[in-house]
Each structure stands twice: as structure tokens, then as C-alpha cells.
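Please consult the sequence and structure shown here alongside the text.

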Amino acid sequence: MTLDRAYYLLAAFYSLMVIIGVIAILAGGGTLLAPIHLLLGALAVIGLWGYILKRGFMNPRMWRPLAGVLAVGVVVQMVIMLTSSLSSVLLTWMLTSSIFSVMLVIMLYRYGDRDQPLWASDEERTAAQQLDVLLSEHSPITAIKRDGTRENSVKVSKSSEGYKASVTRRSQEGQERFEERFQYPETLVFFLAKFTSVTVDDFRRSSPLDEHGGATVEI
């Protein structure tokens with residue numbers, strides 16, 4: 001059995017568990033907490049399918065906190081198993097549930113990493129390809145964008161370790177500098193648009209090369 005097939009079987013198993021849970025609630029079974037457990041399970045299954053299919057579902061910021069909630073649940077179950085006298089059936093069920101939940105926690109935690117192409121929009125993927133071409137020709141490249149009294153200076157470089165963005169923000173209140181590193185250009189494009197208002201078109205504007213061989217653009 002291949003790893004991909006194992007992932008699909010795992011996702012199918014969790015999906016079946018959610019379906020069974022819905023049927024049980026509709027039939028009048030379960031406790032007062034059952035709908036909450038079912039909701040968490042359904043969200044986890046969506047994230048699991050997204051991880052397997054390499055597609056972005058919902059917001060990437062929600063998946064790591066959800067993985068944390070599930071991890072807490074695993075710890076609570078382990079404490080109960082170690083400190084309580086349980087029947088063999090219940091003990092087997094809780095142990096199996098914990099094992100499967102650990103796998104789910106790991107997958108959801110990885111799925112929640114924002115630095116992945118699967119979270120990029122079509123526009124960001126196109127812009128990432130253009131930016132990668134620019135960086136292949138000249139690295140680093142710099143863009144300076146001004147908006148009234150505010151100025152954002154962004155230097156982007158590419159290396160074997162990934163991509164680095166060095167940002168300098170200037171305003172009447174002072175100056176701020178910070179750096180961020182990314183594995184994928186799609187995440188870099190998202191970061192630039194959100195935190196600096198600099199787009200790939202700003203880097204693409206024609207300008208002479210600076211003394212270091214990089215390209216500098218002022219907007």
C-alpha cells in the first residue's frame with residue numbers, strides 16, 4: 001500500500017465517522033457535547049482532505065489552533081486511561097481514537113503552514129512565477145514605494161535556502177526594519193502585497209541596475 005492510498009483510506013475513515021455521528025445525533029443519540037465534537041471532527045476532516053489533495057480550504061490560520069485543540073483532547077484521553085479503571089472495550093476505543101488523533105494533529109499542523117503554494121490564489125501564483133523570473137535574472141531586486149509621508153523600501157533576494165524579503169518602513173513617527181524568509185515565491189508575493197503594498201509590477205518597471213547587479217525601482 002502506498003502512502004497516498006493510506007492517506008485516502010484515513011480520510012475516508014474519518015469521513016465515515018462524521019457521517020455516523022450525524023446519523024446518531026439525528027436519531028436522538030449522543031450527549032450534549034456531541035454536536036461540538038461532531039463539528040470539530042467535521043472541520044478536522046475538511047483539513048485532512050485539503051492536506052491530502054493539496055488544496056487550500058477555509059483560512060490557513062485556523063488549522064494549527066484546531067490541531068492544538070485536538071492535541072489537548074489526546075492528552076486528556078491519555079490521562080483518563082492512565083488514571084481511571086475502564087472496561088476493555090472503552091479502553092480499546094479510547095486508545096485507538098488517540099492514535100488516529102495524533103496522526104490527524106500532525107497533518108493539520110502541517111496543513112496550517114502558510115508558506116505553501118496551496119494557499120495562493122491564481123493571481124498570486126501568476127505573480128510568483130513573474131517574480132521568480134526576475135530573481136533568476138537579478139538578485140537582489142529592490143522597490144521603493146511612497147505614499148504621502150510614508151515610504152516602504154523592499155529588497156528581495158533568492159538563494160538555495162529560499163527567498164528573503166528585507167523591509168524598511170519610514171514615516172513621520174520613525175523607522176521600522178524587519179526581515180522575513182519564505183520557501184515559496186507565492187508566500188512572498190502574499191507577504192509583499194499585505195505588509196508593504198508592493199507588487200511584482202513594481203519590480204518589473206524598467207530601471208538601470210544598481211552597483212551590486214540588482215535592480216532598483218522607485219514608485
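The sections below treat the helices and cores, the surface patch, selected strand residues and the salt bridges.

## Basis of the values

The model is predicted: local features need pLDDT of at least 70, side-chain atom pairs count only at pLDDT 80 or more, and totals for chains, interfaces and linings use all residues. Residues are numbered from 1 along each chain as its sequence is written, and side-chain values use heavy atoms, with hydrogens and water left out.

Helices (H or I, at least four residues) and strands (E, at least two) are DSSP runs numbered from the N terminus. Helix α1 has 24 residues and should span 34 Å at 1.5 Å a residue, and the 35 Å between its end C-alpha atoms agrees with this; the expected span is 1.5 Å times one less than the number of residues. Glycine 28 follows α1 and has a positive phi, near 95 degrees.

Burial is defined by relative accessible area: buried is under 20%, exposed over 50%, and partly exposed in between (1.4 Å probe, protein chains only). In α1 the buried residues are Tyr7, Leu10, Ala11, Tyr14, Ser15 and Val18. Their cover includes α2 and α4, where contact means heavy atoms within 4.5 Å.

A nonpolar core is a set of buried Ala, Val, Leu, Ile, Met, Phe, Trp, Tyr and Cys residues joined through side-chain atoms within 4.5 Å. The largest such core has 22 residues, of which Leu48, Leu104 and Leu108 touch the most other members. At least two residues of this core come from each of α1, α2 (34–53), α3 (63–83) and α4, and α2 gives the most, with six. Beyond its neighbours within four places in sequence, leucine 48 contacts Leu10, Ala11, Tyr14, Leu104, Met107 and Leu108. A second, separate core comprises 20 residues, among them Ala143, Tyr163, Phe182 and Leu192.

Serine 101 lies in α4 and counts as buried because its relative accessibility is 16%. Apart from neighbours within four places in sequence, serine 101 is in contact with Tyr14 and Val74.

## A nonpolar surface patch

Which residues form the nonpolar patch on the surface? They are Phe13, Leu16, Met17, Ile19, Ile20, Ile23, Leu90 and Trp93, with about 750 Å² of accessible area together. Patches consist of residues with over 30% relative accessible area and no salt bridge, with like charges joined within 9 Å and nonpolar side chains (Val, Leu, Ile, Met, Phe, Trp, Tyr) within 5 Å. The areas come from the Shrake-Rupley method with a 1.4 Å probe, and for residues only the protein chains shown count as cover. Helices α1 (3–26) and α4 (88–111) each supply at least two members, and the largest share, six residues, comes from α1. Leucine 90, in helix α4, is partly exposed at 38% relative accessible area.

## Helix α6 and the strands

In helix α6 (residues 185–195), the buried residues are Pro185, Glu186, Thr187, Leu188, Val189, Phe191 and Leu192. Their cover includes α5 (122–137), β2 (150–159), β3 (162–171), β4 (174–182) and α7 (200–204). Just after α6, serine 197 has a positive phi of about 65 degrees.

Serine 153 lies in strand β2 and is buried, at 15% relative accessibility. Leaving aside neighbours within four places in sequence, serine 153 contacts Thr142, Ala143, Ile144, Ser166, Val167, Thr168 and Arg170. Glutamate 176, in strand β4, is partly exposed at 39% relative accessible area and touches Val167, Thr168 and Arg169, not counting residues up to four places away in sequence.

## Salt bridges

The structure holds six salt bridges, each being a side-chain nitrogen of Lys or Arg within 4 Å of a carboxyl oxygen of Asp or Glu.

| Pair | N to O distance |
|---|---|
| Aspartate 122 and arginine 125 | 3.2 Å |
| Lysine 145 and aspartate 202 | 3.7 Å |
| Glutamate 151 and arginine 146 | 2.9 Å |

Aspartate 122 and arginine 125 both lie in helix α5, three residues apart, about one turn of the helix. Aspartate 122 is exposed at 56% relative accessibility, whereas arginine 125 is partly exposed at 30%.

Aspartate 202 is buried at 4% relative accessible area, while lysine 145 is partly exposed at 25%.

Glutamate 151 counts as buried at 17% relative accessibility, and arginine 146 is partly exposed at 42%. Arg146, Glu151 and Arg170 are linked in a network of salt bridges.
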